[in-house]
Amino acid sequence: MTMTEDVVATPFIGSRRLRREDPALLTGEAKYTDDIPAVGALHLAVLRSPHAHARIVSIDVSGALAIPGVVAAYTGEDLASQWAAPMPCAWPVTAEMKNPAHYPIAMGKVAYVGDGVVAIVATNHTASRDALDAIVVEYDVLPAVIDLEDALSDRVVIHESAGTNRSYIWELHPQGKETVDAIFASAAHTVSERYIQQRLIPAAMEPRAVLAMPQPFGGDFTLYTSTQVPHILKIMAAITVGIPEHLLRVVAPSVGGGFGSKLNVYAEELLCLVLARKHRCAVRWVEERTEAATSTIQGRGQIQNIELAADANGKVQAVRVHILGDMGAYLQLVTPGVPLLGAFLYAGVYDVPNMSFVCESVFTTMTPTDAYRGAGRPEATYAIERAMDSLAAKLGEDPAEFRKKNMIQKDQFPYTAMTGLQYDSGDHVGVLEKAQELVDYTGLRAEQAARRASGSKKHLGIGVSSYFEMCGLAPSRVLASLNYSAGGWEAATVRVLPTNKIQVVTGATPHGQGHETSWSMIVADKLGVSPDDIDVLHSDTALSPLGLDTYGSRSLAVGGIAIVMACDKVIDKARKIAAHQLECSEDDLEFVNGTFSVRGSSDKSMPLAGIAFEAFTAHNLPDGMEPNLEAHTTYDPPNFSWPFGTHICVVEIDEETGFTEVIKYVAIDDCGNQINPLIVEGQIHGGIVQGLAQALFEEATYDAEGNLKSGSFADYLVPSAADVPSLTLGHSVTPSPTNPLGVKGVGEAGTIGAAPAVINAIVDALSPFGITDITMPATPNRVWSAIQNAHS
Amino acid sequence: MIPAPFDYQRAGSAEEAVSLIAQAGDEAKFLAGGHSLLPLMKLRLAQPTMLIDIGRIADLSYIRDAGDHIAIGALTRHRDVETSALLHEHVGLLAHAASFVGDPQVRHRGTIGGSIAHADPASDLPATVLALGGTLVVQGPNGQREIAATDFFKGFLESDLAADEMLTEIRIPKYTGAGWSFQKFNRRAQDWAIVGVAAIKHNGYVGVSLVNMDQVPLRASAVEAAVSGGASAADAAALAAEGASPSSDLNASVEYRQHLARVLVRRALTESGVA
């Protein structure tokens, strides 16, 4: 890791500028939703089902209502008339998809532990919490469904209205299913693997929090909430609650992390709105940490079957995939689409001409799943990268060399994949070789051989993972082809104030990414001003009415480009004003460091500051020109962005205890041009730790009755800094050819690359025992048991 | 995370604390550093109706040379145990074990007395005091009594303390120059041990105890007997899980815990030179 200091440099792009967001965040001065005062606000608390699957026989709230301060208690039926529509799912992946209606408080039946049963409002937080213990609910308990294959059997049907637990089946056979089957039938080599993507609990540092405030006149509402998606939420909440969209303002104050878990429309957001409307006063709610474990969405949850077919030379000819996706009890905002986001990446970075993909998704009696850092793409990358290792092992080839042979080569870009998607740029062999050099791959293999020869009980393992990430969501037309209900554009406004200070309005919604820093660096370079003279406005639908928010590594590659385009429009207008005032042709003007000068006559120039004031006074503008200097753009990207990289993980496994220590971790990530390498490294560090956490530590574990057994941080092991190795980062720069900054996304890259690198390293270390796979998380107990089983 | 309603009183001395708790009845609890009790209360797994705050009884925070033993006030913070020069000289095992408790924030708030009185078999210090053959001094309504550590731990989160008694002092014999080892196996740095081992040998005294291998912190008696009889570390360690009834949880099966106990006891015996 690198020590850094604030750097002021021109150009700002590319410099390690410290994040302007951090002083407030680090000193506790930042205002999160629960910090926002609201005099007289009522407090919401939600009684949650202790059963995974049950009919509600009766609810007695009289004890709760007797507690001083408790104002009201509402069952699902009590609130039924408040809803204009059920909870929204924005991604009906197929026309036949089953999406049983569900509401913020369950009606008649609960379908997971954590499902809302009663909403309490009280004058204070403590009374609202005490009230929960005083409610008596009688349940008729039904069998839980926690196993995906059991769910598919329809032994127990969770939603009677759907008639089946299967939500949808989605298939992608670009070359025809028969073609792929025929390739497998005659292939020289095949592997068939089954992997489990365990459920993960997102665990953002700030739990969710909501404050809904009715404004005193006019019938409008302001919803403060810890969300990644105020813009999307505004539309969905308006539809669900029946508040006209123009009367609803959504604000995301400082948000303490999301990782996809706050890319949603949650029951408590809608409840606070309807209860604020009903009680005509502010209503607030803050999630308890144990509540978050069951009532915020969970990530992953798939059984993956992947097969590879290779020719006699070990060149992979086809990949065939069958996914069983765990939707959980209901479909949340983009639940069904998550496996589809990975569908296109099951051939990873390899030049594979044929594929066949089927995803079946089922309801279970567990917390709904949805997007979690990478959303579909870490799962896909894990499957292909593990399967490539299996095939290499079967063929007796070194996994790095086997990868190189199969990779899309640099001179093949731009490359049309067998799915029809265009991969615009890449250098997979280059980054793999760079990673090998940085980690000393040859030396490590020699050490591994020496240790094995010596009979050492400390087993060295080296794991390679190369990834391609489809991010920068997304070209709207591609989203349309996947039945996603919104576009993928982003909006920006750049406004030069009379005193040459700049306001940048972005539709991106930062929740830890440092957009204020990065956007100000981009605009500073474009307009020749200091980043300190630039304010970045965001995360409030009143300030930035248009936007599609932050997820899917999209903010820079889409929102950042919108800002560049708005800057260009501002410069075009400023050029017209300068030409008018300097009495020259626009073509004679050059714009350097914030000043327009007439080429060849350096005494004739006009700074942007002067133009801004002229635009404001409007005393002397070209005929017909509107006053003021501002521009708005909406940018719809022509393609996804395609970051890529290779991670190499080195582990040492203690044969006696099964403990895995990551002793070295090298990552070469290529996200195109870097605006701020400090922020890029932060994203990669955090991403790698999240992937490593899936590989080694984290698992949402349910018992047969559907109870979450890992519902606290004592049992759900989020690693701390003490538990992860020092990370060695290198990088490579292959600028994106599709946008003027040459940038790609980087928010999810680390997570996508990390888990398969770690598991490949563990399996490599254990290969002398004949072990070919290990289930995530690779706990010491699991590793030890695998070794015991191999011995016996 | 709001606890159920409770009343609160602050005690100025051990005598006052004992008198207050006697008046408060069965549902009262002492509050020291709060690092075991408060999380349970926030989850409403514990719902005492009265907390007697003993955290400000200043004269119960000390580490003193008491001749043949070291006396440690029950309200001494883990951090002070961890860094005590006196303990490093005479009972290095205890100072070392204290450095494994939780994380730095926990060690600056949690107390040795609180940890021992809580009697969690998965905690580092109860088993360590057991291996060290410590003595626990207890204040009750009728004065003080002493309890040998070997008699103190009665069941899961249960000790020999009566409802109206308070732990005031921990006495550890001096083991100047002894060989010792503390082994803690866990998945994350700040967690409770999946299995832990404390071992010490000094002038014929052999103490080996196990963390998280039963409902109580456990002396590995079979190991101690084997070591005293001259067995090798490997042979003695093979007996590590004898008499233990470990539980199974998300981190470890029963078999894995038994195996870890054998591995960690062997490592402890070897590192300490006990066998």
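Reader: Does B:R44 count as buried, exposed or partly exposed, and why?

Author: The model is predicted. B:R44 lies in the loop of chain B that runs between α2 (37-42) and β3 (50-53). A residue is buried with 20 or more other C-beta atoms within 10 Å of its own, and exposed with 12 or fewer. Because B:R44 has 16 C-beta neighbours inside 10 Å, its class is partly exposed.

Reader: Why does A:E583 count as exposed, and how many C-beta neighbours does it have inside 10 Å?

Author: A:E583 is placed in the loop between α17 (555-582) and β22 (589-592) of chain A. Although not a glycine, A:E583 has a positive phi of about 55°. The limit for an exposed residue is 12 or fewer. A:E583 counts as exposed because its C-beta neighbours inside 10 Å number 8.

Reader: Which residue does a cis peptide bond join to A:M776?

Author: Most peptide bonds are trans. The bond in question is cis, with omega about -10°.

Reader: Which element gives the largest share of the side of chain A that touches chain B?

Author: In the contact between the chains, 23 residues of chain A meet 16 residues of chain B. Two or more residues on the chain A side come from each of α4 (125-133), α9 (289-295) and α21 (780-791). The largest share, four residues, belongs to α4(A).

Conventions
Residues are numbered from 1 along each chain as its sequence is written. Chains are lettered from A and ligands numbered from 1 in the order in which they are written. This is a predicted model: local features need pLDDT of at least 70, side-chain atom pairs count only at pLDDT 80 or more; totals for chains, interfaces and linings use all residues. Two residues are in contact if their C-beta atoms, placed from the backbone, lie within 7 Å.
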